[in-house]
Amino acid sequence: MSKILVCDDDREIVEAIDIYLTQEGYEVLKAYDGEEALKVLQSAKVDLLIIDVMMPRLDGIRATLKIREQNNMPIIILSAKSEDADKILGLNVGADDYVTKPFNPLELVARVKSQLRRYTQLGSTVSGESQAVYEVGGLSINDDLKEVTVDGEQVKLTPIEYNILLLLVKNQGKVFSIDQIYENIWNEDAIGVDNTVAVHIRHIREKIEINPKEPRYLKVVWGVGYKVEKL
């Protein structure tokens, strides 16, 4: 049973989310500000975090920054604001997805399932002699072990970052539009997703490139999309 931590200073929202997630078979832990969330994470193994942006004491953005220092679990940001800037801020600090309030509880449950599926796949290992390894230059992805290395050094990616990079490395030289990347990774229609994809691409570059402003691997094709260059 997956454990999900729900953190929001609005107790009615926490209880509502609890009802829907419990019906789906998840175990729900609760916190009502960022500091409480950090304490829960110190004492319990949590598989996914749902956290609100605006909260007293320690808000969702600063809490996510602290959590990302040690934890790679999926994080879904809740925000009462719908502006792109707020969504980008959440993604910038390490969130994997965002849901804007007021939200459809069924949509939130669907996003939880999607993120947990990716996280489970990322953490799984496959035994046996045969391993699916994809390489380009000094960049290597072992898709059985879900490990990424650059020049022999292991790189830690979130599930979304890993899946984007794997898609591009498996299709070296092929240009994917932003919509194609989104639809392949999120498995839903791409509507106004430019900033979402761009933020994750930037994070990947920061982790795999010596100089992200002059990338060796992950290239932009202006006006078209992104590709991993054949080397």
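**Helices H2 and H3**

Which residues in H2 meet which residues in H3? In this predicted model, Gly34, Leu38 and Leu41 in H2 meet Ala63, Lys66 and Ile67 in H3, where contact means heavy atoms within 4.5 Å. By class, this contact of H2 with H3 has four nonpolar, one polar and one charged residues; Ala, Val, Leu, Ile, Met, Phe, Trp, Tyr, Cys and Pro count as nonpolar, Asp, Glu, Lys and Arg as charged, and the others, Gly among them, as polar.

The axes of H2 (residues 34-43) and H3 (residues 60-68) come within 9 Å and cross at roughly 25°, which makes H2 roughly parallel to H3 (angles under 35 degrees count as roughly parallel, over 145 as roughly antiparallel, 65 to 115 as roughly perpendicular and the rest as oblique).

**Basis of the description**

Residues are numbered from 1 along each chain as its sequence is written, and side-chain values use heavy atoms, with hydrogens and water left out. Local features need pLDDT of at least 70 and side-chain atom pairs count only at pLDDT 80 or more, whereas totals for chains, interfaces and linings use all residues.

**The nonpolar cores**

In the largest nonpolar core, which has 31 residues, Leu139, Val148, Ile164, Leu165 and Ile208 touch the most other members; such a core is a set of buried Ala, Val, Leu, Ile, Met, Phe, Trp, Tyr and Cys residues joined through side-chain atoms within 4.5 Å. At least two residues of this core come from each of strand E7 (139-142), strand E8 (147-150), helix H6 (159-170), helix H7 (178-186), helix H8 (194-208) and strand E11 (225-228), and H6 gives the most, with eight residues.

Not counting residues up to four places away in sequence, Ile208 touches Leu139, Val150, Val155, Leu165 and Tyr217. A second, separate core of 26 residues includes Val40, Ile61, Ile67 and Ile77.

**Helices H6 and H8**

H6 and H8 pack at an angle of about 80°, with their axes 10 Å apart, and are therefore roughly perpendicular to each other. From H6 the contact uses Ile160, Glu161, Ile164, Leu165 and Leu168, and from H8 it uses His200, Ile201, His203, Ile204, Lys207 and Ile208; by class, these are seven nonpolar, two polar and two charged residues.

**Tyr226 in strand E11**

Tyr226 lies in strand E11 and counts as buried at 12% relative accessibility (buried means under 20% relative accessible area, exposed over 50%, partly exposed in between, with a 1.4 Å probe and protein chains only). Leaving aside neighbours within four places in sequence, the contacts of Tyr226 include Leu168, Phe176, Ile181, Ile201 and Arg205. The C-alpha atoms of Tyr226 and Leu168 are separated by 8.1 Å, although these residues are 58 residues apart along the chain.

Notes
Axes are lines fitted to C-alpha atoms, for helices over the stretch in contact, and angles run from 0 to 180 degrees between N-to-C directions. Helices (H or I, at least four residues) and strands (E, at least two) are DSSP runs, numbered from the N terminus.
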